[in-house]
Amino acid sequence: MSLGRRVLLATLAAAALSPAARAVSLAGLTGYASATAARERELEAAFQAIPNPEHTREWHRTFTAEPHPAGSERNNELARFVADEWTKQGLEDVRIRRYDVLNTAPREVSLTMVAPVRYEASLREDPVEADPDTKDPRVGPGYLGLSASVDVEASVVYAHSGNPEDYAVLRKAGIDVRGKIVLVRYSNPYSYRGFKALTAEREGAAGILIYSDPAEDGFTRGPVFPDGPWGPASHVQRGAITYDFIVPGDPLTPGWPSLPGARQLEPEQARSLPKIGGLPLSWKDAKPLLEQMDGPLAPRDWQGGLPIEYHLGGGRVRAHLKVVMDNHVSPNYVVEGRIRGAQAPDEWVLLGNHRDAWVFGGVDPSSGSASLMEVTRAFGELSKTGRRPKRTLVFCSWDGEEVGLTGSTEWGEDLAEELGAKAVAYLNVDSSASGPDFQPQAVGSLAPLVLDLARELRDPASGAPLADALRTSLTKSRAEKGQAAPVDDELVDVRIGSGSDHTVFLNHLGIPTVGLSFDGPYGVYHSMYDGFAWMNRVGDPGYRYHVALARFWGTLALRLADADLLPFDFAAAGRHLRVFVGDLEKATEEGRLDLSRVRAGTGAFEAAGGRLADASRRALAAGLPAPDVARRVNQGIREVERNWLDPEGLPGRPWFKHTLYAARYTYAHLELPGLTEAAEEKNWERAARQAAILERALARNAALVDALAKDLTTGPATGTR
Ligand SMILES: [Zn+2]
């Protein structure tokens, strides 16, 4: 999954910058004493010298050679391939973990317009000469993952983007969608297709068709594949409609791992399983229906990129929709490998990427898979010469991400206790490269570290630091909205939604996460055309951005794995938190919500974060801290993120336990989720309870961070932990 936040933006001209601009002096590495910093610099340089475009391209060809959706024989074969290669590369403890989960595939799909004229939708994508893979007979029709089976003949209504406000417009126009088939488009504005399905289900529709309008990802935007990045007429955006915003992972084992033989719910009891069925459509298949629609003319902003008038649908168009799904329990395979830490093997820095793809997965996810294989190859080579990090690096190749973040969720639930004790951070890469636009995302406490690295590592085309390219791109997009240029704190995105494998780590287990990618114009998402040829003609022809991503990812892992004192910045986390609280206050009716104590708690946490940063700097300037002090402080730093968890979870979806971060049902980011959702529902009593939960977490963390600062300065405080 994971369609980047600015993925549909046009490519930006690379920033011109003097090659002499050295962003970071050799002296300072946050979290390092000077002796270890010098060694770290050397190790990072040795690591960065290994990944190369030729190898990356070979990995990419292997992953994209055949369709490999979750549960398919090919995807399972690729799990064995990854495990074998990791073993050869020199990774340790390589194993494949099996989870028996609800997988999804279509048995029979058809859509026929039966009135006013007959049209049989092809549901297939047309081959193009320039891309031999598009002639692969193994490519199936488009379908929606974990759709219900449905067989209905009914009239068709155009419901714009399929969000609740769209149905309100239809109701005003006197159109009832109950028992009908709704036809909705993907974006405008973007919302996760599972939310469109849930909304249609709640509105009583009998089926849902989701199509790609050229205004969003086709010819309206620019040249289409094979001449450009955008989707051709027949491209279909496949995808799951699982309600994983309620609980992700295997719908039959919410909250516990799908180990072979585990207890399973009946499908009727599973809250994340859609009860509605439907299909994704290309605009080529949607146009015949749209141009026959009668009824009122659709509002102006509902008109799309096709040269027709879009109508709401007055009953003239009738269609027969048949979807017979084969949703059954079968294995998902998560591949795991490690480079054991030399000094602190029980502290883990985790790196993961999903392997399963809707078809070939050129960008999503095989670009990320190719980058991951270069990262592991590099660490394998270093370890063969005896150069290994201080902490353990754990690498994971996830399965079933596209179905419901399934493999990572089951793995996280399986290893929850161990992860709670050992994990330092989870570094996720879904798609690594669809263009040159760097898009880092991190929790507030890790954003400064990510920005440090973005100042050191360079854009492969311009040679400028990635941070400069990022600033240029953000300045431009903000100027278009009439906003001021970004300050440093705004360069790394700290508002983290859902839609990829970081979810279980951040939202369920309280493990800080980072997400990395290079984005660009990308209109073939989840279609057959997202393949090897697209990457080589359009996305990243020289594989330079794949390599830049591998270098960034591995360097970030090393920086965390080798630090004397973990480089988390709680003052920065506090500053971001202050912005979140301010946003909520602005959005809430005045006088309805008393956030003064939350604001005070945020200030105390931020100030404690500043004191810990000062104490760390002073301690490291004086040399290496005593091992027992460093161990205690690092342990405490890891506890801070866990402390944001509320064991009760969010009201209505208790699997989501983080008090600062969650996602909306649309997958959009949602900060201070318990509090924000209560305020949006104007449930002030619940909002007050959620505020109290947040106040307690803030107080706990301010005290903990202060105790760590004191420990570094004067020895352990007592009674605080
Ligand atoms: Zn993906």
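This briefing walks through a predicted model of one protein chain, topic by topic. The mean pLDDT (the predictor's confidence in each residue, from 0 to 100) is 94 for the protein chain, and 95% of its residues reach 70 or more. Over residues 4-27, however, the pLDDT is below 50, and beyond near neighbours in sequence this stretch has 47 contacts in the model; contact means heavy atoms within 4.5 Å.

Some ground rules before you start. Residues are numbered from 1 along each chain as its sequence is written, and side-chain values use heavy atoms, with hydrogens and water left out. Local features need pLDDT of at least 70 and side-chain atom pairs count only at pLDDT 80 or more, while totals for chains, interfaces and linings use all residues.

**The mixed sheet**

- Let's begin with an open sheet of 7 strands, ordered β3-β2-β10-β5-β6-β7-β9, with mixed pairing. Helices (H or I, at least four residues) and strands (E, at least two) are DSSP runs, numbered from the N terminus, and two strands pair if DSSP finds at least two bridges between them.
- The edges are β3 (119-120) and β9 (278-281); each has a single partner strand, so one side of each is left without a neighbour in the sheet.
- Axes here are lines fitted to C-alpha atoms, for helices over the stretch in contact, and angles run from 0 to 180 degrees between N-to-C directions.
- Helix α7 (residues 283-290) also packs on the sheet, touching β2, β3, β5, β6, β7 and β9, and its direction makes about 120 degrees with that of β7.

**Strand β10 and its partners**

- Strand β10 (residues 318-325) has a covered face made of A319, L321, V323 and M325, and an uncovered face made of R318, H320, K322 and V324.
- On one side, strand β2 (residues 106-115) runs antiparallel to β10 and is joined to it by 8 bridges; here T112 stands opposite H320.
- Strand β5 (residues 150-158) pairs with β10 in the antiparallel sense over 6 bridges, and E153 has H320 as its bridge partner.

**Helix α1**

- T36, A37, E40, L43, E44, A46 and F47 of α1 are buried. Buried means under 20% relative accessible area, exposed over 50%, and partly exposed in between (1.4 Å probe, protein chains only).
- The cover over these buried residues includes α8 (366-384), α12 (447-456) and α16 (544-562).
- As background, an α-helix has 3.6 residues a turn, so residues three or four places apart point the same way.

**Two residues to look up**

- E92 is found in strand β1 (residues 92-103) and counts as buried at 15% relative accessibility.
- The side chains of E92 and R388 are joined by a polar contact of 2.9 Å. A polar contact is a pair of N or O atoms within 3.5 Å; within protein, one must be able to donate a hydrogen and the other to accept it, and residues adjacent in sequence count only if both atoms are side-chain atoms.
- Leaving aside neighbours within four places in sequence, E92 is in contact with G337, R338, I339, R340 and R388.
- A573 sits in helix α17 (residues 570-587) and is buried, with a relative accessible area of 15%.
- With neighbours within four places in sequence left aside, A573 is in contact with G444, S445 and F605.

**Backbone features worth a glance**

- Most residues other than glycine have a negative phi, and most peptide bonds are trans.
- The peptide bond from F225 to P226 is cis, with omega near 10 degrees; P226 lies in the loop between α6 (214-217) and β8 (239-240).
- From D364 to P365 the peptide bond is cis, with omega near 5 degrees, and P365 lies in the loop between β12 (344-354) and α8.
- Y667, not a glycine, has a positive phi of about 85 degrees; Y667 is in the loop between β19 (661-663) and β20 (669-671) and is buried at 7% relative accessible area.
- L672, not a glycine, has a positive phi of about 45 degrees; L672 is in the loop between β20 and α20 (673-680) and counts as buried at 1% relative accessibility.
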